[in-house]
Amino acid sequence: MCRYETEQFQRDIKNLGISLSEKQIGQFIRYYEMLVKWNERMNLTAITEYEDVMKKHFVDSLSLVKAYDMKNASNLIDVGTGAGFPGLALKIAFPGCRVTLLDSLNKRIRFLDTVIEEMGLTDVEAVHGRAEDFARPGKLRESFDLCVSRAVANLSTLSEYCLPFVKKGGCFIAYKSERVSDEIVRAEGAIACLGGKAEEKKEFLLPDSDIYRCLFVIRKEKGTPGKYPRKSGLPVREPLYFD
């Protein structure tokens, strides 16, 4: 018998139109337990209470379905995945999708590898490295139907990191937790330069809460010029803004 109350989590995912098996719900519970245990030794998340993790990490990660049909993604990459949000949560909920989890801190990769191994997940890989390096030709460039990121950065910077990974016709979706009404307008020039087009901004509250979320959906229309992403640090220090 599970010692955790899962009714709210199940209501939340039902609200999103997602159906999970008992096995998958158990995997989310185990993911939570491992997250809290490892968080005692390293800084993975400031959110550790069970109800908050289920809502603000797991349900938030799965809220992608409000803007994207996961049936269209045979493979995805999560750039700056941290403790695996949203990529590993999406893998648990949609096991048929191949997932790459990219992060620049090796200790986070060790955590993700441990979770993946313990759960027996397949077609998911945790990769240690920077987006600037792995988005180069011969690496992972333009290899994915979908790129997602919950990383904290402006949309122009995120687009430079993420759009190079996306195939023509695929999508980059940025998760945002703050209301930034003009962010997509400021980033439009950069997005176009990188081969993308802003398609939609989906704003909503997480189920049964007053927690605001926004998904920026960017469609990849053409190849990203070879000079992008620029060398390490530049996308953050000097975001691509065009008048």
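Predicted model: local features only at pLDDT ≥ 70, side-chain atom pairs only at ≥ 80, totals over all residues.
Now for the rings. Searching the whole structure turns up 11 aromatic pairs. Take Tyr-4 and Tyr-32: their ring centres are 5.8 Å apart and their planes sit at 85°, so this pair counts as edge-to-face, given that the label applies to planes over 60 degrees apart. What makes the pair worth a look is where its two members come from. Tyr-4 is in the segment before helix 1 (7-15), while Tyr-32 is in helix 2 (residues 22-39), so to speak a link between distant parts of the chain, 28 residues apart. Both Tyr-4 and Tyr-32 are buried.

Other aromatic residues gather into a group: Phe-9, Phe-28, Tyr-31, Trp-38, Phe-58, Phe-85 and Phe-111 form one aromatic cluster. If you pick out Trp-38 from that cluster, you'll find Arg-41 lying over its face, 4.5 Å from the ring centre. There's also a lysine placed over a ring: the charged end of Lys-139 sits over Phe-134, at 5.3 Å from the centre of that ring.

How values were computed:
Residues numbered from 1 in each chain as written. Heavy atoms only, no water. Phe/Tyr/Trp six-rings, centres within 6.5 Å; stacked < 30°, edge-to-face > 60°. Helix = DSSP H or I, 4+ residues; strand = E, 2+ residues; numbered from the N terminus. Buried < 20%, exposed > 50% of the residue type's maximum accessible area, 1.4 Å probe, protein only. Lys NZ or Arg CZ within 6 Å of the ring centre and 35° of its normal.
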